[in-house]
Amino acid sequence: MKRNLALAAMISCALFAGACGSDDSDDQSAQEPAATATEDGGGEPQGDTGPVSEFFVQEDYDTQLAQRDIEPEGDPATPWLQMIEPEMADTSEYKAKNASGWNLCFSNAAVDNPWRQVGWNTMQHEVKLHKEIANFKAVDAEASDDKQISDIEELANGNCDALIVSPNTTKTLTPAVEAACEKVPVIVFDRGVDTDCPVTFVHPIGGYAFGVDGAEFLKENVDSGGKILALRILPGVDVLETRWSGAKVQFDDSDLNVVGVEFTDGDAAKTKSIVSDYLQREGQIDGVWMDAGATAVAAMEAFEDNGVDIPPFVGEDQNDFLTKWQEDGLNAIAPTYSNYQWRTAVLAAVKILKGEEVPKEWVLPQPAITQDTLADYVDPNMPPLHYALCGCEDMPGYPQDWGGK
Amino acid sequence: MSATTPDAFETPVTSRSERVRKALVGTAPIFIVLFILLALIAIENPNFLEPPGFLAFLKRAAPLAILAAGQYFVIVSGEFDLSVGSIVTVVVVVAARLIDDDPSKTWPIIALLLAIGATVGVTNGLITTRLKVPSFITTLGMLLILSGAVFWWTGGAPRGALPDNFREIGRLGIQDFPVLEQLPWSVVILLVIGIGAILLMRASFGRRLMAVGDNESAARLSGVKVENMRTIAFVLSGLSAAVAGILLGGFAGVSAQVGQGLEFQAITAVVLGGVVLGGGRGTVLAAMAGALTLEALFTLLNLYGVSGALEDTVQGIIIIAAVAFASYRLRGAR
């Protein structure tokens, strides 16, 4: 113990000056970006939204914006079966030898957020609707690329008749999916992979459309020069990067003043603190853009707790947000990332094993919930973290199995 | 350290003025740092000087300050408690699921939550003191067990909801309070716990606990039940984590990430307050001031527009610098 203390004291001699020095320089370097931030943010009507994301692809952006206006094919009553501009592909080579007794396998990236939980729940119910599926083997990668790579390998080498993959990340999972494609028909949904080997890739229109839906709403509803706060979950995730980079294009091309782009880690307390700080620092915030709605209610509460009216708000189709929007008569929009794609993935697998054709890229509709459609989606009997676009309302066990009353 | 002499537990041998002087010298640095940070915040954001602005800050800092008070008891007795962050998460997730938006269940469940905190504390204490597992390992294990259990129970996303009367504790306060407009409940609770902790440390319990951390064998020889004292410290820490969880759940609502990293923030706060790792030194007031300082620093960084990602880095620098500073001072004193 004595020796440890002496050692610590020795190190401290060296550290003491250095540590205090680094504290000082920390403060200084902290001040510098602040100075530039106020110059950029406060001085001119257009805020500084930062550099263009390395994930931004103009072509995809244009495609997604165009797809928003295309009428999807199929029955609007079953949007999970609708498709936008499908290029149908023949799947007869994958037709199962038996008409039933199929083994369907699923490598899931994670169930670590309410959106994935609702989807996963819906997916299990969808499987039950198909008597042909004898076994449904699902493995949760717990948001780890490494685990998902070995999960996919294991499943592909097992006796799966078809493999559904919801990749954790795009680039890292691509080789694993490519290897699996050689052994079993693969259905990818949600995040994509950098290969066209899967039989079909199921996804809603995409992140750019999501981000632009919200940004356009703010452009229409916030007065010129209004102060916008953008809240993001975390950097570096492609599906979230596209949402922000899409919105950024819109904001840069507007006279709105983006006073801050902050990362919340999806943490409600942190979100609330950030919004409170901005309210105190800026005096007022005229609109809030978010790349996901999980902490939207916490962000709104920050306005309430500061005694300020809630400005135009971008959330998502999470039920707590929709409920608050309706009850408090707010001005808001909820872009969605159609949760019913979890159903579609199973339906695609069934079609493939029956040898029916599916689109090579199955683009699902991605409606944004607006004031006009809010009443159709909000449901006070469903739990706060339920997602309105689950597409699960017609399933046996609804609403109890989704936590509803 | 006169307080550690075997016969000193019941009656302090130093005079009152001497004790006050020592306490002031011991806690002065952290209050100076805190004052400077608060002044910098006020320059950046003048609203901060008005009661509502400052109270909003205290309200936000209250859970961490309460955690720091709990952590102080454990650290001063010579141990660590890494499980507090996961207790906070457990408390919030369990509350949401069991109360499920039914206001009539709020108070019984709050009692249950406190019991959970205390139970985890007792378990940590017994494993550390009776099974002789170092507390670093015990509470790290507890952290993993609890976060795993939460994940298993919720599947990653919590279910249920917290009713308004539960949320009110962490979110609202006494309305129309003279001068302050609104006195947040969290600030009231923080004050009560702070005063309680200071009184506890001044009582014979506090001196015994200090002795356990300063020199275990000497304390044992003088008849202090070392194992019991440490177990009680863990219980206090577990209880403080439960209270912090109730406040955080109230402040921001249900989240399965709410407690992440709080254990390190609490330890940083205590260390920043000048409480030496390894036990036997420092005051609980300084530990709580350390929490306010840490929160002030985060607020300032946010006001300066520094990325939130740097918070961890800053925390790391602080914890090393503070311990280095403390041991430098100790060496000087000896």
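This is a predicted model: local features need pLDDT of at least 70, side-chain atom pairs count only at pLDDT 80 or more; totals for chains, interfaces and linings use all residues.

Modeller: Happy to! Leaving aside neighbours within four places in sequence, B:Ala65 is in contact (C-beta atoms, placed from the backbone, within 7 Å) with B:Leu190, B:Met288, B:Ala291 and B:Leu292. Residues are numbered from 1 along each chain as its sequence is written, with chains lettered from A and ligands numbered from 1 in written order.

B:Ala65 is among the residues with the most contacts inside the largest nonpolar core, as are B:Ala68, B:Val91, A:Ile187 and A:Ala349. Such a core joins buried Ala, Val, Leu, Ile, Met, Phe, Trp, Tyr and Cys residues through C-beta atoms within 7 Å; buried means 20 or more other C-beta atoms within 10 Å. The core has 218 residues, and helix H10 of chain B (a DSSP run of H or I, at least four residues) gives the largest share, 16.

Over in chain A, strands (E runs of at least two residues) form an open sheet in the order S3-S2-S4-S5-S6-S13, with parallel pairing. Pairing takes at least two DSSP bridges; S4 and S5 of chain A have three, and A:Val165 stands opposite A:Val188 in S5. S3 and S13 of chain A are at the edges with a single partner strand each, so one side of each lacks a neighbour in the sheet.

Conventions: A residue is buried if 20 or more other C-beta atoms lie within 10 Å of its own, exposed if 12 or fewer, and partly exposed in between; C-beta atoms are placed from the backbone. Two residues are in contact if their C-beta atoms, placed from the backbone, lie within 7 Å.
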